[in-house]
Every structure is written in structure tokens, then in C-alpha cells.
Amino acid sequence: MQAIDLLLQRQSARVTTDPAPDEGALQLMLESAVRAPDHGRLQPWRFVIIRGAGRERFGDLMAGYLARARPGIEAEALAKARKKALRAPLIIVVAAIIDRSGKIPEIEQILSAGAAAQNILLAACALGFNAVWKTGAAVYDDQVKTALGLQSKDAVVGVLYIGSEPGGAPAAPRPSSAQFVQQWGGS
């Protein structure tokens, strides 16, 4: 597949199942991630790999956040939160380790981590897998960040759920880029 075809055809997975990317494919996805634009060469990216039984513990972490955020929440809602961690055989939490000591704005460090996440999605598709990028209020919580080995100053930019998509992804309608473009020629 040509790179331009991959860019024009990529879309988020609706469902992912086994098989997950093997170690070789995962390594290629991560090597692609660290090619993201990086102003100041800060290398702010961190990738937390979650698979196997770790997914269940990640689900417990998400449900724990929900229980703290919404005291008295029903057990059914907590079970649903736990189950979200099982939506794919491989999860990669992508974060920006924020360096506030230098001249590079925080937003540029976050955008670099976002570009790294996009590179992972594209690499997954190029390797025959698919993924969906999620977040949710829990990833902004300091206790969740700490459990993932991050600090409160750091920013989780995405939780990537990666696996195989049964039957492939049906084509999703996309808008024309023309509706998002404006020409500017100065004042």
C-alpha cells in the first residue's frame, strides 16, 4: 500500500479482536511513533503497553476513577467501565512527559505526543491491524496517571486500542477537505 493510500483510507476501528500485533509489529509501531515532529528534541513521548491480564487491571483502574468521581454509581456502570479495557487485545497509552523548564511550550510537547499516537495508528494499519483512539475523563486524573507511572504534570493524549478488525473496516463517509480550508492573503 502506498503511503498516500494509507492516509486516505485510515479510519478508526469499530471492533478489534485477536490477533494483536506481535512483538515485531509492536516494535515497528513504536519506532514509527518516535519519528513524530519534536520541537526542541525533547522526546516527550511515553508509551505504556497494556495487554493480557494487564487489561483487566487497567479496567479496574478506570472503574476506580469512576467510583471516586461519582460516589454511589451503580455497579452496572462500574462493570461497563471495566469492560472497556477488553475492547482490544493491545492497549497503548500515549503520554507527553511535560518539561516546563525550557523554552518549548507545553502545547507543542502535547502535540508531539499526539503526532506519535497518530504514527502508531498509521503503522498499525500499514501492518494489517486497526485501532481506535480514545481518552475519557479518567486519563486526566492524577491517581490514574500515577498508577500508569506518570506525574500529574504529564498529559495522557490518547489510549490506543489495537487489534485485528474482523472483516475489515467498512468505509466511513468523510467530509471534503474544502469545507475546512480558507485562503488568507494578508490584511
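Trainee: What covers the buried residues of H2?

Mentor: Good place to start; this is a predicted model, where local features need pLDDT of at least 70, side-chain atom pairs count only at pLDDT 80 or more, and totals for chains, interfaces and linings use all residues. Residues are numbered from 1 along each chain as its sequence is written, and side-chain values use heavy atoms, leaving out hydrogens and water. Helix H2 covers residues 23–33 (helices, H or I with at least four residues, and strands, E with at least two, are DSSP runs numbered from the N terminus). By contact (heavy atoms within 4.5 Å), the cover includes E1, E2, helix H5 (106–126) and E4.

Trainee: Within what arc do the buried residues of H2 fall, seen down its axis?

Mentor: The buried residues here (under 20% relative accessible area; exposed is over 50%, partly exposed in between, with a 1.4 Å probe and protein chains only) are Ala25, Leu26, Met29, Leu30 and Ala33. They line one face of H2, because the directions from the helix axis to their C-beta atoms stay within an arc of 135°.

Trainee: Which residue caps the N-terminal end of H2?

Mentor: Look for a polar contact (N or O atoms within 3.5 Å; within protein, one able to donate a hydrogen and the other to accept it, and sequence neighbours counting only if both atoms are side-chain atoms). The backbone nitrogen of Gly24 has a side-chain oxygen 3.1 Å away. That oxygen belongs to the capping residue, Asp22.

Trainee: How many of the residues of strand E2 are buried?

Mentor: Take the two sides of E2 in turn. Leu90, Ile92, Val94 and Ala96 point one way and are buried, as are Ile91, Val93 and Ala95, which point the other way. For residues 90–96 the count is therefore seven of seven.

Trainee: Which residue in E4 stands opposite Ala96?

Mentor: E2 has antiparallel partners, counting a pair when DSSP finds at least two bridges. Strand E1 (residues 45–51) is joined to E2 by seven bridges, with Trp45 opposite Ala96. E4 (residues 155–163) also pairs with E2 over seven bridges, and there Ala96 faces Ala155.

Trainee: How many salt bridges does the count come to?

Mentor: A salt bridge here is a side-chain nitrogen of Lys or Arg within 4 Å of a carboxyl oxygen of Asp or Glu. Among them is the pair Glu106 and Arg100, at 3.2 Å from N to O; Glu106 is partly exposed at 33%, whereas Arg100 is exposed at 54%. The count comes to five.

Trainee: How many residues apart are Arg82 and Asp60?

Mentor: Their side chains form a salt bridge with N and O 3.0 Å apart. Arg82 sits in helix H4 (residues 75–84) and Asp60 in helix H3 (residues 54–69), so the pair links distant parts of the chain, with a separation of 22 residues.

Trainee: Is Asp141 buried or exposed?

Mentor: Asp141 lies in the loop between strand E3 (130–134) and helix H6 (142–147), and it forms a salt bridge with Arg68, the closest N and O atoms being 2.4 Å apart. Arg68 is partly exposed at 37%. Asp141 has a relative accessible area of 17%, which makes it buried.

Trainee: How far from the side chain of Asn130 does the backbone oxygen of Gln11 lie?

Mentor: Asn130 belongs to strand E3 and is buried, at 7% relative accessibility. From a polar atom of its side chain to the backbone oxygen of Gln11 is 3.4 Å.
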